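Please work through the exercises below with the sequence and the three-dimensional structure at hand. Each task is followed by a solution in steps.

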Amino acid sequence: KVAPPGYPDYLGWDYESPFRGMMIRQTLKSKEKLSPEDFIKLQNENLDLQAKMVLPLLLKHTTEEADQVWLQRLRAWDYRIRSGTAEPAVVRAWWRATKEALFMDELGSSAVLLPKDQRVIWMLEKLDANPGDPDVKWVDNINTKDHVESLDEVITGALEEALKKLESEQGRNAEAWNWTNLNRTQFTHAGRIPGLGTSVMAMDGSPDSVRGQNGGHGAVYKSVVQTGDWPRAWIQVPGGNEGDPLSPGYGRFVKEWAQGGMREAEFYRTAEE
């Protein structure tokens, strides 16, 4: 929300999801004073508040027909997006399948019209508290004339659909459904020249964690500055300052960045220094 209630002018509707901002706000309010180390840790924060809000709702509305092995794994998950784990991939796929099951029968193939995640969460919270809420109309599939679907049916079916899709795309070995394979974070050369850029990197974080990574899009240049009589700063520029794939430091700085590392900057007091 970029303006307070009562602001008189229209400011649009297509905003980024609030989950990263919510996590940053929580961290800033957690202490009276934060250190540079706290801010470096915050930039690498991989807790996904969207998943933390979504998953309990999904788990609450699954029937006995749901895959019990995956339900047990997801109940034990801590909502952190780690590169080598499959839970983030399953939850993302389940959430996507749930939204499509709720709305695509009305919208057809217009996936671009799917409501924002926070709006769908709000609707599901309403239906969880009051199954007779008017928005229950979205739950029923209008293409099944002789049957009215329940929310439990839709969410359970969405999990089954998500697991089938992951198996189709990533293979039958569920451990290969890890976040690295799903999110596929990498740098490509501006000219798309084969052999330049990087391969897919194992990176923690999702589009909705503070460490925001969404495949080929995300937070790149990072810095933390401590002001004072003489400043100190920690930075990371993946690929180095010049971004030359043939530079000796290119791969090293990309690796440091992918691992969440920062380098302390050098400040010089005099030209001689």
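The model is predicted: local features need pLDDT of at least 70, side-chain atom pairs count only at pLDDT 80 or more, and totals for chains, interfaces and linings use all residues. Residues are numbered from 1 along each chain as its sequence is written, and side-chain values use heavy atoms, with hydrogens and water left out.

**Exercise 1.** Determine why the rings of Trp230 and Phe267 count as an edge-to-face pair.

Solution. Step one is the rule: rings of Phe, Tyr and Trp (its six-membered ring) pair if their centres lie within 6.5 Å; planes under 30 degrees apart count as stacked, over 60 as edge-to-face and the rest as tilted. By this rule there are 5 aromatic pairs. In step two, the ring centres of Trp230 and Phe267 are 6.4 Å apart and the planes stand at 75°, so the pair is edge-to-face. Step three places the residues, with strands taken as DSSP runs (E, at least two residues) numbered from the N terminus. Trp230 lies in the loop between strand E3 (222-226) and strand E4 (232-236), while Phe267 lies in the segment after strand E5 (263-264), 37 residues apart.

**Exercise 2.** State how E4 pairs with E3 and with E5.

Solution. Two strands pair if DSSP finds at least two bridges between them. E3 and E4 are antiparallel over 5 bridges, and Gln226 stands opposite Arg232 in E4. The two strands form a hairpin with 5 residues between them, and Gly228 in the turn has a positive phi of about 155°. E4 and E5 are also antiparallel, over 2 bridges, with Trp234 opposite Glu264 in E5. Finally, 4 of the 5 residues of E4 are buried (under 20% relative accessible area, 1.4 Å probe, protein chains only).

**Exercise 3.** Which residues line the largest cavity, and how do they divide by class?

Solution. A cavity is a set of points on a 1 Å grid over the protein atoms alone where a 1.4 Å probe fits but cannot get out; lining residues have an atom within 4 Å of a point. The largest cavity has a volume of about 30 Å³. Its lining consists of Asp48, Gln50, Ala51, Trp77, Ile81, Pro88, Val91 and Arg92. By class, the lining holds 5 nonpolar, 1 polar and 2 charged residues.

Methods. Buried means under 20% relative accessible area, exposed over 50%, partly exposed in between (1.4 Å probe, protein chains only). On a 1 Å grid over the protein atoms alone, a cavity is a set of points where a 1.4 Å probe fits but cannot get out, and a pocket is an open set with protein on both sides within 12 Å along at least five of seven lines; lining residues have an atom within 4 Å of a point. Grid points are joined across faces, edges and corners, and a volume is the space filled by probe spheres set on the points. Ala, Val, Leu, Ile, Met, Phe, Trp, Tyr, Cys and Pro count as nonpolar, Asp, Glu, Lys and Arg as charged, and the others, Gly among them, as polar.
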